[in-house]
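Please read this briefing with the structure open beside it.

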Amino acid sequence: NAGVSTPASVTLPQSLFRELGADRMMAAVIDTLGLPLVVKPAQGGSALGVTTVEEASALPKAMVGCFAYGELALIEKAVVGTEVAVSIVGTGEDAYALPPVEIVTEGNYDYDARYNPGRTEYFAPARLSAEHAATATSAALSTHQALGLQDLSRVDMILDKDGVAHMLDVNVSPGMTETSLFPQAIAASGRDLGSVYREIAGLN
């Protein structure tokens with residue numbers, strides 16, 4: 001409704017999955033969305049319980065892994081492109097975006113890739129054209145504002161080959177470790193974490 005693209009998806013509670021039968025539900029999901037798919041808990045973080053499914057035979061295991069982290073599974077059509085995170089500071093019309101951060105990793109951007117230094121390469125700011133950077137920033141701001149988020153958030157997305165930004169996740173408590181994306185975005189803006197916190201607290 002906010003005009004931000006999201007991957008085609010279905011949401012399945014574990015109870016429905018059991019009641020209607022796994023085989024029947026998985027066949028319906030693949031008929032609807034095709035392959036490849038991304039299976040993930042509807043809530044959570046750090047890519048825990050997230051699996052990319054390339055073949056139908058891998059879907060049952062992915063569902064079991066997902067339900068270990070929550071009762072609701074979000075199954076999305078996989079989007080291929082450049083993975084970007086855009087951090088937002090502020091609330092409502094006063095919110096603004098920090099420089100996008102590009103994520104490059106071998107294989108999936110999973111838990112190990114996020115927290116094991118060296119597995120993932122980050123580019124802050126992202127290696128995007130001015131047009132694509134503006135698209136990513138606009139999508140992130142629209143998402144932050146449409147959801148009524150306050151103070152800070154991080155919006156993760158993929159820009160496809162046509163420059164369309166597909167929103168994947170919204171993080172209202174983004175990581176603050178040395179490999180985390182929010183601190184890298186702050187550094188790319190020429191600021192430090194302390195100054196942003198002071199701004200949020202109204203101390204500047």
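A salt bridge here is a side-chain nitrogen of Lys or Arg within 4 Å of a carboxyl oxygen of Asp or Glu. Glutamate 102 and arginine 127 form such a bridge, with their closest N and O atoms 2.8 Å apart. The model is a predicted one: local features need pLDDT of at least 70, side-chain atom pairs count only at pLDDT 80 or more, and totals for chains, interfaces and linings use all residues. Residues are numbered from 1 along each chain as its sequence is written, and side-chain values use heavy atoms, with hydrogens and water left out.

**Salt bridges**

- Side chains of opposite charge can pair when their charged atoms come close.
- The whole structure holds six salt bridges.
- Glutamate 102 is in strand S7 (residues 101–105) and arginine 127 is in the loop between strand S8 (120–123) and H5, so their bridge ties together parts that are 25 residues apart in sequence. Helices (H or I, at least four residues) and strands (E, at least two) are DSSP runs, numbered from the N terminus.
- Glutamate 102 counts as buried, at 6% relative accessibility, and arginine 127 counts as exposed, at 53%. Buried means under 20% relative accessible area, exposed over 50%, and partly exposed in between (1.4 Å probe, protein chains only).
- Another bridge joins the side chains of glutamate 76 and lysine 40, at 3.3 Å from N to O. This pair links distant parts of the chain, with glutamate 76 in strand S4 and lysine 40 in strand S2, 36 residues apart.
- Both glutamate 76 and lysine 40 are buried.
- Arginine 191 bridges to glutamate 199, and the closest N and O atoms are 2.8 Å apart. Arginine 191 is partly exposed at 29%, and glutamate 199 is partly exposed at 30%.

**Nonpolar cores**

- A nonpolar core is a set of buried Ala, Val, Leu, Ile, Met, Phe, Trp, Tyr and Cys residues joined through side-chain atoms within 4.5 Å.
- The largest core has 16 residues, of which Leu12, Phe17, Val39, Met63 and Ile75 touch the most other members. Two or more residues come from each of helix H2 (22–33), strand S2 (37–41), helix H3 (59–67) and strand S4 (72–77). H3 gives the most, with five residues.
- Apart from this core lies another of 15 residues, among them Leu128, Ala139, Ala140 and Leu141.
- Leucine 12 is in strand S1 (residues 9–13) and is buried, with a relative accessible area of 6%.
- Beyond neighbours within four places in sequence, the contacts of leucine 12 include Phe17, Met25, Met63 and Ile75. Contact means heavy atoms within 4.5 Å.
- Phenylalanine 17, with residues up to four places away left out, touches Leu12, Ala22, Met25, Met26, Met63 and Phe67.

- Helix H5 (residues 130–146) has 17 residues and spans 24 Å from its first C-alpha to its last, close to the 24 Å expected at 1.5 Å a residue. The expected span is 1.5 Å times one less than the number of residues.
- The buried residues of H5 are Ala136, Ala139, Ala140, Leu141, Thr143 and His144. Their cover includes strand S5 (82–89), strand S6 (96–97), strand S9 (152–159) and strand S10 (165–171).
- In helix H6 (residues 181–188), Leu181, Phe182, Gln184, Ala185 and Ile186 are buried. Their cover includes S5, S7, S8, S9 and helix H7 (193–200).
- Glycine 148 follows H5 and has a positive phi, near 65 degrees.

**Backbone exceptions**

- Most residues other than glycine have a negative phi, and most peptide bonds are trans.
- The bond from leucine 35 to proline 36 is cis, with omega near 0 degrees, and proline 36 lies in the loop between H2 and S2.
- The bond from alanine 124 to proline 125 is also cis, with omega near 5 degrees, and proline 125 lies in the loop between S8 and H5.
- Aspartate 151 is not a glycine, yet its phi is positive, about 70 degrees. Aspartate 151 lies in the loop between H5 and S9 and is partly exposed at 33%.
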